[in-house]
Amino acid sequence: MTFARAQLDEILHRLFIDASATSLRDEDRRKSDEMAGLLVEVATAVARRSTKSELVLADAAAGKAYVGLLAAELILAPRGQPARVRVIEREPARVAACRDAIARLRAPGVAVEVVAANVEDAAAWPTEPDLVVALHACGPASDAIIDQVLAVQARMLLLVPCCTSKDVAAAALAQQRAEQLGLPRHAEVRRRFIQSIVDAERTLRLEAAGWQTTVVNFVAPTVTPHNLLWRAERVGEPGRMAEAAERLARLRDAG
Ligand SMILES: C[S@@+](CC[C@H](N)C(=O)[O-])C[C@H]1O[C@@H](n2cnc3c(N)ncnc32)[C@H](O)[C@@H]1O
């Protein structure tokens, strides 16, 4: 399945651009490119759920909920089966922009609910959602989303982390490891190492909890430098879980 740029541009313009602005800005076009890549992933994940009961998608750290709303219109509504989108976002202005956009959404049969909350708040999450999507979840939000996805027993996750700040728990572990190995303190040398440890810790945490995880580039790095997607599905395969748990313990054991 592919999504035509012209169609994505039209929907983004209708939902999010001020009516007086005649065309998309460069940043909106980049968003359109990102959507083209990510919506293919969402469509593939949704197609794997054959259930006729209500399909529940959560868009976490959603911003204005580009992903959740475009998925509602282009993927969920055309299925012709009941579906619900839960948008979770803490920033009031973005929550308001999302609610405003819903009025212009063309997604019959899809209920969209917007929750103004921190993703760390367990009450904000639906129970056992079929799919959780988080695009550019910044810093510790990615870890909080992984924690909640495990807690609410979601079935699939599409996670694109964003910047890695000092607030990310595994960043401290990575700094400790860097010192042990004698890595130089040059920021550009350290940055890649820190990111690799943070990425590894997230991957192993998912795998150890029973989530089969693949990490792929979902768009070219020219579209966004934060272009790594964690595509994960809850399978609970014991051998894979045990191996990941052992690797995670080794990673965390600062000796
Ligand atoms: C980089 S933006 C990405 C927004 C959107 N997913 C997108 O790609 O357009 C990150 C969003 O996550 C939200 N956010 C960050 N930490 C959060 C948290 N702990 N709980 C809820 N929202 C959070 C921010 O307010 C912001 O809207």
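Which residues does Ala 83 touch, not counting residues up to four places away in sequence? In this predicted model, the partners are Glu 54, Leu 55, Leu 76, Gly 109 and Val 110. Ala 83 itself sits in strand β2, which covers residues 83-89. Because 22 other C-beta atoms lie within 10 Å of Ala 83, this residue counts as buried, the cut-off being 20 or more. For a sense of distance across the fold, take Ile 145: the C-alpha atoms of Ala 83 and Ile 145 are 21 Å apart in space, and the two residues are separated by 62 residues in sequence.

Let's step back to the whole chain. Its secondary structure amounts to eight helices and seven strands. The chain has a radius of gyration of 19 Å, and this agrees with a compact globule of 255 residues, because such a globule would have a value near 18 Å.

| Property of the chain | Value |
|---|---|
| Box filled by the C-alpha atoms, along the principal axes | roughly 55 × 40 × 30 Å |
| Buried residues, out of 255 residues | 37% |
| Contacts joining residues at least 24 apart, among those between residues at least 6 apart in sequence | 74% |

Now for the ligand. Around it stand 17 residues, and the closest are Ala 61, Gly 63, Arg 90, Glu 91 and Ala 141. Two or more residues of this shell come from each of β4 (131-137) and α5 (140-151).

Finally, a look at a helix pair. Two packed helices are described by the angle between their axes and the distance between the axes. Helix α7 (residues 187-208) and helix α8 (residues 238-252) pack at about 145 degrees, and their axes are 8 Å apart. The crossing of α7 past α8 is left-handed. On the α7 side, the contact is made by Ala 200, Glu 201, Leu 204, Arg 205, Glu 207 and Ala 208. From α8 come Arg 240, Met 241, Ala 244, Ala 245, Arg 247, Leu 248 and Leu 251.

Definitions and conventions: Residues are numbered from 1 along each chain as its sequence is written. This is a predicted model: local features need pLDDT of at least 70, side-chain atom pairs count only at pLDDT 80 or more; totals for chains, interfaces and linings use all residues. A residue is near a molecule or strand if its C-beta atom, placed from the backbone, lies within 6 Å of it. Helices (H or I, at least four residues) and strands (E, at least two) are DSSP runs, numbered from the N terminus. A residue is buried if 20 or more other C-beta atoms lie within 10 Å of its own, exposed if 12 or fewer, and partly exposed in between; C-beta atoms are placed from the backbone. Two residues are in contact if their C-beta atoms, placed from the backbone, lie within 7 Å. The radius of gyration is taken over C-alpha atoms; the globule rule is 2.2 Å times the number of residues to the power 0.38. Axes are lines fitted to C-alpha atoms, for helices over the stretch in contact, and angles run from 0 to 180 degrees between N-to-C directions. A crossing is left-handed if the near helix is turned anticlockwise from the far one by less than a right angle, and right-handed if clockwise.
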